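My entries follow in the order I made them.

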Amino acid sequence: MMAMADREVPSWLDRALRLITHAGGATATVAFCLVLLVIPATRHLGVVAGSANLVSHLLVQALKRTVVRRRPTITLPDLVALTPFPDHFSFPSGHACASMAVAVAVLLDVPLAGIPLMAIALGVGASRFYLRVHYLTDVVVGQVLGATTAVLLTQSLS
């Protein structure tokens, strides 16, 4: 983590990753699911994606309060976060989980639309590590949790 923090990077990369990280936040993921819900042709997909987002969020919050892993910038005093973080708990990444839950739900229903969403979800995960608010394992577990939840809910709600 410290070796990654010491690297010089172009300023556009900082700006891009600070922007993409918001795609995994509650505002973006809930708004996307609501849009799917109000369009008659995508209503079922909205139910699946919204349910995957909700269930995975509940699992993330339960894990965060059970594991109680401190964020890298709290544990490593020389590390500075490049974006604000919503709480002091790191494991697993809620942003990575939410973006992956929604992306996989869409991918399973409309593959062509899901491909760019998967790229965004992977970018959200990378941004959470890059911005120093999560360890890599936080991101990977969050993404696996989101994807698994989406697959299970797609199967059970179809």
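I note that the model is predicted.

**Entry 1: Tyr 135**

I then checked its distance to Thr 73, 62 residues apart from it along the chain. The two C-alpha atoms are separated by 9.9 Å.

I started with helix 7 alone. It has 20 residues. From first C-alpha to last it reaches 28 Å, close to the 28 Å expected at 1.5 Å a residue. I listed its buried residues: Gly 114, Met 118, Ala 121, Gly 123, Val 124, Gly 125, Ser 127, Arg 128, Phe 129 and Tyr 130.

Next I looked at the pair. The axes of helix 7 and helix 8 come within 8 Å and cross at roughly 155 degrees. Angles over 145 count as roughly antiparallel, so helix 7 is roughly antiparallel to helix 8. The crossing is right-handed.

Which residues meet here? From helix 7 I found Ala 121, Leu 122, Gly 125, Arg 128 and Phe 129. From helix 8 I found Leu 136, Val 139 and Gln 143. By class, the contact of helix 7 with helix 8 holds five nonpolar, two polar and one charged residues.

**Entry 2: Arg 132**

I moved on to the residues just after helix 7. Arg 132 sits in the loop between helix 7 and helix 8. Its phi is near 70 degrees, a positive value in a residue other than glycine. I flagged this because most residues other than glycine have a negative phi. Arg 132 is buried, at a relative accessible area of 15%.

- Thr 83 lies between helix 5 (72-75) and helix 6. With a relative accessible area of 12%, Thr 83 is buried. Leaving aside neighbours within four places in sequence, Thr 83 is in contact with Arg 128, Leu 131 and Val 133.
- Val 80 has its place in the loop between helix 5 and helix 6 as well. At 53% relative accessibility, Val 80 counts as exposed. Not counting residues up to four places away in sequence, Val 80 touches Thr 73 and Arg 132. I also took its separation from Gly 125, 45 residues apart along the chain: 18 Å between C-alpha atoms.
- Pro 92 is in the loop between helix 5 and helix 6 too. A cis peptide bond joins Phe 91 and Pro 92, with omega about -10 degrees. I marked this one because most peptide bonds are trans.

**Entry 3: helix 4 and what follows**

How far apart are the end C-alpha atoms of helix 4 (residues 43-67)? They are 36 Å apart. At 1.5 Å a residue, its 25 residues should span 36 Å, so the two values agree.

I noted the buried residues of helix 4: Leu 45, Gly 46, Val 48, Ala 49, Ala 52, Asn 53, Ser 56, Val 60 and Lys 64. Their cover includes helix 3, helix 6 and helix 8.

Just after helix 4 comes Val 68, in the loop between helix 4 and helix 5. Val 68 has a positive phi of about 55 degrees although it is not a glycine. At 42% relative accessibility, Val 68 counts as partly exposed.

**Entry 4: helix 3 against helix 6**

I closed with another helix pair. Helix 3 (residues 26-38) and helix 6 (residues 94-109) pack at an angle of about 25 degrees, with axes 10 Å apart. Angles under 35 degrees count as roughly parallel, so helix 3 is roughly parallel to helix 6. Helix 3 passes helix 6 in a left-handed crossing.

Helix 3 contributes Thr 29, Phe 32, Cys 33 and Leu 36 to the contact. Helix 6 contributes Ala 98, Ser 99, Val 102 and Val 106.

Definitions and conventions: Residues are numbered from 1 along each chain as its sequence is written. This is a predicted model: local features need pLDDT of at least 70, side-chain atom pairs count only at pLDDT 80 or more; totals for chains, interfaces and linings use all residues. Side-chain values use heavy atoms; hydrogens and water are left out. Axes are lines fitted to C-alpha atoms, for helices over the stretch in contact, and angles run from 0 to 180 degrees between N-to-C directions. Helices (H or I, at least four residues) and strands (E, at least two) are DSSP runs, numbered from the N terminus. Angles under 35 degrees count as roughly parallel, over 145 as roughly antiparallel, 65 to 115 as roughly perpendicular and the rest as oblique. A crossing is left-handed if the near helix is turned anticlockwise from the far one by less than a right angle, and right-handed if clockwise. Contact means heavy atoms within 4.5 Å. The expected span of a helix is 1.5 Å times one less than its number of residues. Buried means under 20% relative accessible area, exposed over 50%, partly exposed in between (1.4 Å probe, protein chains only). Ala, Val, Leu, Ile, Met, Phe, Trp, Tyr, Cys and Pro count as nonpolar, Asp, Glu, Lys and Arg as charged, and the others, Gly among them, as polar.
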